[in-house]
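Visitor: I have a protein chain on my screen and would like a short tour. Can you take my questions one by one?

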Amino acid sequence: MTGTDNGREAYAAERAELARLLPPAPGTDLPPGRHEHHRERLMNLIDDDTARAQGRTGADAQDRARERAGRPDRSRLLRPSFLAPATALAVAGALVLGYAAQNGGPAGTGSAGETRSVSQVLLRISDAAGKGEALPVRDDQFVYTRGTGRDVDLTTGKLVVQPLEESETWYSQKPGPQKKLGLSRQHGETLPINAELGDSEGTRPGLHRPTYRWLATLPTDPQELLDYLSEITPKFEGEDRDQALFEAIGGLIGDTILPPGTAAALYKAAALIPGVTEAPDAVDALGRKGVGIARDDERSGVRTEWVFDPDDLSYLGWSSHLTKDTEYGKKGDFLGDSAVIETAVVDKAGVRPQD
């Protein structure tokens with residue numbers, strides 16, 4: 001291997017690490033294409049600075065741009081519970097005591113008492129979810145979601161908080177690969193939601209297109225579900241796999257209407273992930289304080305918190321902030337949030353439930 005090849009591999013590894021350190025982009029506030037646009041602008045700035053420092057040519061930069069064009073949109077792969085939708089969970093039932101002990105429980109970062117506490121909270125949420133109403137969702141229908149949230153702009157190299165913005169989405173439930181996944185409306189503009197980047201034949205139902213039919217096929221045994229999610233969650237070099245699983249579950253609980261059995265299993269699976277803790281001060285984008293479930297990504301210094309209604313344990317939204325000083329922000333800096341306003345099933349994209 002030549003010195004040039006070694007240099008390029010080192011550069012690629014460095015760039016991948018920088019990309020990984022960027023906080024997940026919330027899909028609540030912006031259509032997927034705009035998130036990728038902002039991420040690409042920042043990565044282009046990193047490329048330009050690195051190229052100047054290392055004497056790279058314009059051809060090298062073009063090669064890297066072509067390489068980026070073919071990779072999946074990782075901003076969606078890493079998001080927590082992002083796209084404003086969520087399952088409306090009815091509060092129900094008693095705590096399922098002893099589950100964590102029988103299944104190993106999460107290896108929380110706090111004391112044994114704190115570990116038991118977060119397990120109990122997740123089991124209460126799971127029990128409520130499992131007893132919620134199963135909404136019929138046909139293959140020819142759309143899951144409608146309305147939410148609000150804030151993003152951060154990193155194109156200057158520093159965190160700039162964007163204003164709170166409301167958005168609406170209509171996600172198709174059609175089986176099989178689809179090139180048009182639905183519609184997104186924001187700022188009075190309605191745009192199509194296209195297939196995931198790289199899915200030239202269309203995006204199939206799955207982790208990044210969680211249709212009701214696909215969700216209903218997931219294992220309901222928590223450990224089996226966690227193992228399956230580990231298999232299908234994209235892997236990136238140097239990442240925290242437990243954090244990746246936490247984010248994958250967050251994306252599912254916040255992305256669509258869930259079958260009650262699936263919802264219950266997802267929360268029990270989250271209780272098995274090491275490092276999951278309570279977040280007593282969790283607040284969503286609308287300022288609603290609730291029951292918080294969180295996990296810290298120690299490598300990137302990013303804390304992601306799920307927020308649940310303190311009365312009925314329904315999902316409210318998420319928030320994220322830095323847990324340590326970084327090149328683009330300081331410990332405690334805000335990274336984004338969202339809040340669920342409405343979730344429903346409609347027969348046609350672009351039509352609101354009340355229309």
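Guide: Gladly. Keep in mind that this is a predicted model. Start with the overall make-up: the chain has 10 helices and 11 strands.

Visitor: How much of the chain counts as buried?
Guide: A residue counts as buried when its relative accessible area is under 20%. The chain has 355 residues. The buried share of them is 51%.

Visitor: What part of the accessible surface belongs to carbon and sulfur atoms?
Guide: The accessible surface of the chain comes to about 15,700 Å². Carbon and sulfur atoms hold a share of that surface, namely 51%.

Visitor: Which residues of helix H8 are buried?
Guide: Helix H8 covers residues 222-232. Glu-224 and Glu-231 are exposed, so look on the other side of H8 from them. The buried residues of H8 are Pro-222, Leu-225, Leu-226 and Leu-229.

Visitor: Why do those buried residues sit on the same side of H8?
Guide: Take Pro-222, Leu-225, Leu-226 and Leu-229, the buried residues of H8. Look at their directions around the axis of H8. They are on the same side because they cover an arc of only 100°.

Visitor: Which residue caps the N-terminal end of H8?
Guide: Look for a side-chain oxygen by the backbone nitrogen of Gln-223.

Visitor: Is Thr-262 buried or exposed?
Guide: Thr-262 is part of helix H10, residues 260-270. Its relative accessibility is 3%. The limit for buried is under 20%. Therefore Thr-262 counts as buried.

Visitor: Which residue has its backbone oxygen 2.9 Å from a polar side-chain atom of Thr-262?
Guide: Leave out residues up to four places away in sequence, and Thr-262 touches Leu-215, Ala-216 and Leu-218. One of these contributes the backbone oxygen 2.9 Å from that polar atom: Leu-215.

Visitor: How many residues of strand E1 are buried?
Guide: Strand E1 runs over residues 142-150. The strand is mostly covered. Of its nine residues, the buried ones number seven.

Visitor: How many bridges join E1 to strand E4?
Guide: E4 covers residues 165-172, and the two strands run antiparallel. The number of bridges joining E1 to E4 is eight.

Visitor: In E11, what is the bridge partner of Thr-145?
Guide: E11 spans residues 334-346. E1 and E11 pair in the antiparallel sense, over nine bridges. The partner of Thr-145 in E11 is Thr-343.

Terms used. Residues are numbered from 1 along each chain as its sequence is written. This is a predicted model: local features need pLDDT of at least 70, side-chain atom pairs count only at pLDDT 80 or more; totals for chains, interfaces and linings use all residues. Side-chain values use heavy atoms; hydrogens and water are left out. Buried means under 20% relative accessible area, exposed over 50%, partly exposed in between (1.4 Å probe, protein chains only). Helices (H or I, at least four residues) and strands (E, at least two) are DSSP runs, numbered from the N terminus. The arc is that of the directions from the helix axis to the C-beta atoms. A polar contact is a pair of N or O atoms within 3.5 Å; within protein, one must be able to donate a hydrogen and the other to accept it, and residues adjacent in sequence count only if both atoms are side-chain atoms. Accessible areas come from the Shrake-Rupley method with a 1.4 Å probe; for residues, only the protein chains shown count as cover. Contact means heavy atoms within 4.5 Å. Two strands pair if DSSP finds at least two bridges between them.
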